[in-house]
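Open your viewer and get ready to select a few residues at a time. Here is a short tour, stop by stop.

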Amino acid sequence: MRRRRRGSGWLAEPLPARPVPFRARGFAPTNRPLAGAATLIGLVLLWQGLAMAGLIDTRFLPPPLAIGRALAALVRSGELWRNLAASLQRLALGWSVGTAAGIVVGFAVGLSTLARSPGLSVVSALFPIPKIALVPLFIIWFGIGEGSKLATLGFGVFFPTVINTAAGIDALPRGLIRMGQAFGLSRPAILLKIVLPGVMPAILSGFRVTSSIAIILLVAAEMIGAEQGIGAFVLQAGNLYDTENLLAGIVVLSALGLTVAWVLGRLERWLLAWR
Amino acid sequence: MSASHVTIRVERVTHRYDALPVLEGIDLVAPAGQVLVLVGPSGCGKSTLLGIIAGLIEPSSGQVTMEGPIAADCLNPLTPVFQEFALLPWRSVAGNVALPLEGRLPAADRRARVAEVLALTGLSEFATAWPRQLSGGMRQRVGIARALAVRPACLLMDEPLSALDAQTRTLLLDEFAALIGRAGTTTIYVTHNLNEAVRLGHQVAVFSRRPGRVRQVLQIEQPIAERHPDDPALIALERQLWEMIRDDAAAAARERVVG
């Protein structure tokens, strides 16, 4: 800024009035679902176009239409439903058992001095182990049947659930629990009406992580020793160089992941309407 | 509102957090149906004493006793109103107010009592609102409605207006004065605000800086309902209180900056 001397001091040169610039642009992305859908459709069309133009070797990467036809054939033959039903059954059972156990232990770690240090030390030691590495051990322990698959899923889901639940309890404002105590609420009432709803956002956000982990472990476990299930189907198709069915299986897994995420989103909207 | 008539006695209460002495030899009486206000510099242990009276903090030594009849419909004799409201964000206004009544009153009685206190605190239209949809002043009304719903024998108010803006504070202070005067419930009220102290208190206990001791207990004879913000006697009393705690408040402020 130019300055000029006036009298005994320095004064700023008067400047003409000008608009104050807006400086807070950016850093605020918004969701545009249509743009997301258009991107996916565009990629699929590009893939199909490249295949039709002969620019892709369709033996290794079949075009979307061929994958669609393979999928339709699987639906008609009932093979898709048989495999999907087997996978869903394992997923539901393994995830539910691991989640239920994780929530119970998470509550114990979050609320009990007796359980906190031992629980946290065990979780810290076992959580980093890649659970896929444990599949052979589970097969030795529980056999090649359903037991080892459910153990892999349950074990994989258990630890993140414990961590999320305990962290949710730690983050719950203690003032709310003191309020319950100050109003003479019983311990079960405090657990049920204050702690459980308060920790629900953390548990539900954990569900998103554990459901993805469960799908990954499900496929891995089914690839090691299963006759039915999407993982077994994909492996079998790969062994036969049947890339159309292989990719049809992968599309089903993707749809499964999207469906689970959608269901969890609805559950969150319903249970956390207060947010 | 309440047929309870309890006197709270604080006897030789001393408290320390590990090695830090917070309260020393506190003797106080909150007579039945009166408002005892606790004032003093920051960190003098006022809120700790309220926690001890509420049974939420175990004193290092000394005891708190409660004497006098408690009405049959009183569900929680010593009932707090929190500075930060302590509302459950996942419950509606009515749900928050109903919380301490659940399992203690039949559903119909519970609904009637919730409706009654919501009307009393001007919240009837907001019964189904979530706490996040309310202003600070409205949230504190919910806190008060919840406290009144249990028909307390003694209200324990920990700086209930300090989280609010100045205008809301003034409005709610007038309502508090009317409500407390009408209800006649024994009340222990912690505040930094000396204007609140002289508007609401039958007695004002002045605490020294940490470790808090009771320096003096002032009696205010004028009925609460007749007190006005521009009353010269109250203004003089407020000034007198400030003279008493000014040096300690300045020392406590320096302590916070240095410490």
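Helices here are DSSP runs of H or I with at least four residues, strands are runs of E with at least two, and both are numbered from the N terminus. Helix 3 of chain A covers residues 79–111 and helix 8 of chain A covers residues 187–225; they pack at about 135 degrees with their axes 10 Å apart. Axes are lines fitted to C-alpha atoms over the stretch in contact, and angles run from 0 to 180 degrees between N-to-C directions. The angle therefore makes helix 3 of chain A oblique to helix 8 of chain A (under 35 degrees is roughly parallel, over 145 roughly antiparallel, 65 to 115 roughly perpendicular, and the rest oblique).

A word on the model: it is predicted, so local features need pLDDT of at least 70 and side-chain atom pairs count only at pLDDT 80 or more, while totals for chains, interfaces and linings use all residues. Residues are numbered from 1 along each chain as its sequence is written, and chains are lettered from A and ligands numbered from 1 in the order in which they are written.

Now show the side chains between the two helices. On helix 3 of chain A, pick residues including Trp95(A) and Ile103(A); their partners in helix 8 of chain A include Ile215(A) and Leu218(A). Contact means C-beta atoms, placed from the backbone, within 7 Å.

Next, go to the core. Which residues touch the most other members of the largest nonpolar core? Select Val39(B), Val97(B) and Ile188(B), out of 123 residues. Such a core joins buried Ala, Val, Leu, Ile, Met, Phe, Trp, Tyr and Cys residues through C-beta atoms within 7 Å. Helix 8 of chain A, from your first stop, gives the most to this core, with 12 residues. Around Val97(B), leaving aside neighbours within four places in sequence, look for contacts including Val114(B), Leu118(B) and Arg146(B).

Phe27(A) has a positive phi of about 60 degrees although it is not a glycine. Phe27(A) is exposed, with 5 other C-beta atoms within 10 Å (20 or more is buried, 12 or fewer exposed, in between partly exposed). Last, select Pro211(B): the peptide bond from Arg210(B) is cis, with omega near -5 degrees.
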